[in-house]
Amino acid sequence: MKILTFDIEDWFHIIQKYPDDILEKWSNYEVRIHKGMDRIFELLLDNNINATFFCLGYIARKHPEVIKKINDYGFEVAAHSDMHRVVYTQSRKEFKEDLQTCMKRLENITGKKVISYRAPSFSLKTNNVWVFDVLHELGIEYDASIFPARREDGGFMNFKETGPSIIKYNGHSIREFPMSTNSFLGTRFTSTGGGYFRFFPYRLIRKLIERSDYTMTYFHPRDFDSKQPMLDGLSLKRKFKSYYNLDTAYIKLKQLIYDFDFIDIQTAAKQIDWDNVPVINIDEKGNCT
Ligand SMILES: [Zn+2]
């Protein structure tokens, strides 16, 4: 099972600090989302494949036509927060308000209930698992926020499953599509999303996918935009991850789509026998059993 997903945000949604005038700042930046979306749409429509799009409420507010197009083409519109704040900087109340705002903005455009979610920067960690409570309260059925390897903004190392699972938390359950990982010398890593996809040679990525039963991907319009401006104030590591190999990434994506059959989350969800997937109990400290 190979799942194709995109996180729909503009080139400047990689910031980690949120000053009070953030909306004004963002409004002054060049808008590049349309060009990025056109390339993605072209690729998917030409190859007749489906994908899930985790969208920011911010994009729905500023560029509703982008969300409308995703929906009109028949792709799943899913939630990726309103303002792309990482989860661990928010209280439960702030998180809920932000996600609710995002969902309302998306649902007002598509007329459909949003049922899938991915946290910004996979920022679901063991100390903010209350997120699962909020997702349940808001009617989210599918989560794709677990990144079971080390990363700067998140990483849920307690999670040992390598495929779709049911997470039980506080008496309710949610269907989880974790980020897929491979293991090398006991270290888990991923190669099928964002900066990781741009970093690893395609031949290696293809081999890793061929060896796996389950592949989750995540791409952003900016991953294929070599002409995007560079944001000030990023750490060196962040700069490298954000801007490395932008010029060849689109060709790699084309090749990936040519080499493998991808489906979206809803198609995958129908194919899975949910009575026979691993069930992971997570407690309030993020322990998994
Ligand atoms: Zn994002």
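This is a predicted model: local features need pLDDT of at least 70, side-chain atom pairs count only at pLDDT 80 or more; totals for chains, interfaces and linings use all residues.

**Stop 1: the zinc ion**

Which residues are they? They are Glu9, through OE, and His80 and His84, each through NE2. Along the chain, their spacing reads E-x70-H-x3-H. Glu9 belongs to the loop between β2 (5-8) and α1 (22-28), and His84 to the loop between β4 (76-79) and α5 (92-110), so this pair ties together parts 75 residues apart in sequence. Now colour by accessibility. Glu9 and His84 are both buried.

**Stop 2: the nonpolar core**

Move to the largest nonpolar core, which has 98 residues.

Centre on Ile70. Hide its neighbours within four places in sequence, and what is still in contact with Ile70? The contacts are Ile8, Met37, Phe41, Phe53, Cys55, Phe75, Glu76 and Val77.

**Stop 3**

The largest pocket has a volume of about 300 Å³. It is lined by 13 residues, and Ile15, Gln16, Lys17, Asp232 and Gly233 are the closest to its centre. By class, the lining of the largest pocket has 7 nonpolar, 3 polar and 3 charged residues.

Go on to the second largest pocket, with a volume of about 190 Å³. For its lining, select Arg150, Arg151, Glu152, Gly195, Tyr196, Phe199, Phe200, Lys237, Phe240, Lys241 and Tyr244. Which elements give two or more residues to this lining? They are α7 (194-199) and α9 (236-243). The lining of the second largest pocket divides into 5 nonpolar, 1 polar and 5 charged residues.

**Stop 4: the cavities**

The structure has 3 cavities of 30 Å³ or more. The largest cavity has a volume of about 300 Å³. Its lining numbers 23 residues, and those nearest the centre are Ile14, Arg151, His220, Arg222 and Arg238. Arg151 also lines the second largest pocket. Helices α7 and α9 each give at least two residues to the lining of the largest cavity. The largest share, 4 residues, is from α7. Colour the lining of the largest cavity by class: 5 nonpolar, 8 polar and 10 charged.

The second largest cavity holds about 60 Å³ of space. Show Ser180, Thr181, Asn182, Thr190, Ser191, Thr192, Leu208, Ile209, Ser212, Tyr214 and Thr215 to see its lining. How many of these are charged? There are no charged residues, against 3 nonpolar and 8 polar.

**Stop 5: Arg198**

Return to helix α7 and pick Arg198. Is Arg198 buried or exposed? Its relative accessibility is 4%, so it counts as buried. Leave out residues up to four places away in sequence. Arg198 then touches Asp223, Lys241, Ser242, Tyr243, Tyr244, Asn245, Leu246, Ala249 and Lys252.

**Stop 6: Glu161**

Select Glu161, in the loop between β6 (142-143) and β7 (165-169). Glu161 is partly exposed, at 27% relative accessible area. Beyond its neighbours within four places in sequence, Glu161 is in contact with Pro148, Pro278 and Ile280. Draw a distance to Phe200, 39 residues away along the chain. The C-alpha atoms of Glu161 and Phe200 are 23 Å apart.

**Stop 7: two positive phi angles**

Finish with the backbone. Phe122 is not a glycine, yet it has a positive phi of about 50°. Look for Phe122 in the loop between β5 (116-117) and α6 (131-137). With a relative accessible area of 2%, Phe122 is buried.

Leu185, likewise not a glycine, has a positive phi of about 50°. Find Leu185 in the loop between β9 (182-184) and β10 (187-189). Is Leu185 buried or exposed? Leu185 counts as exposed, at 76% relative accessibility.

Terms used:
Residues are numbered from 1 along each chain as its sequence is written. Side-chain values use heavy atoms; hydrogens and water are left out. Donors are N, O and S atoms within 2.8 Å of the metal (3.2 Å for Na, K and Ca); water is not among the atoms, so sites may look incomplete. Buried means under 20% relative accessible area, exposed over 50%, partly exposed in between (1.4 Å probe, protein chains only). A nonpolar core is a set of buried Ala, Val, Leu, Ile, Met, Phe, Trp, Tyr and Cys residues joined through side-chain atoms within 4.5 Å. Contact means heavy atoms within 4.5 Å. On a 1 Å grid over the protein atoms alone, a cavity is a set of points where a 1.4 Å probe fits but cannot get out, and a pocket is an open set with protein on both sides within 12 Å along at least five of seven lines; lining residues have an atom within 4 Å of a point. Grid points are joined across faces, edges and corners, and a volume is the space filled by probe spheres set on the points. Ala, Val, Leu, Ile, Met, Phe, Trp, Tyr, Cys and Pro count as nonpolar, Asp, Glu, Lys and Arg as charged, and the others, Gly among them, as polar.
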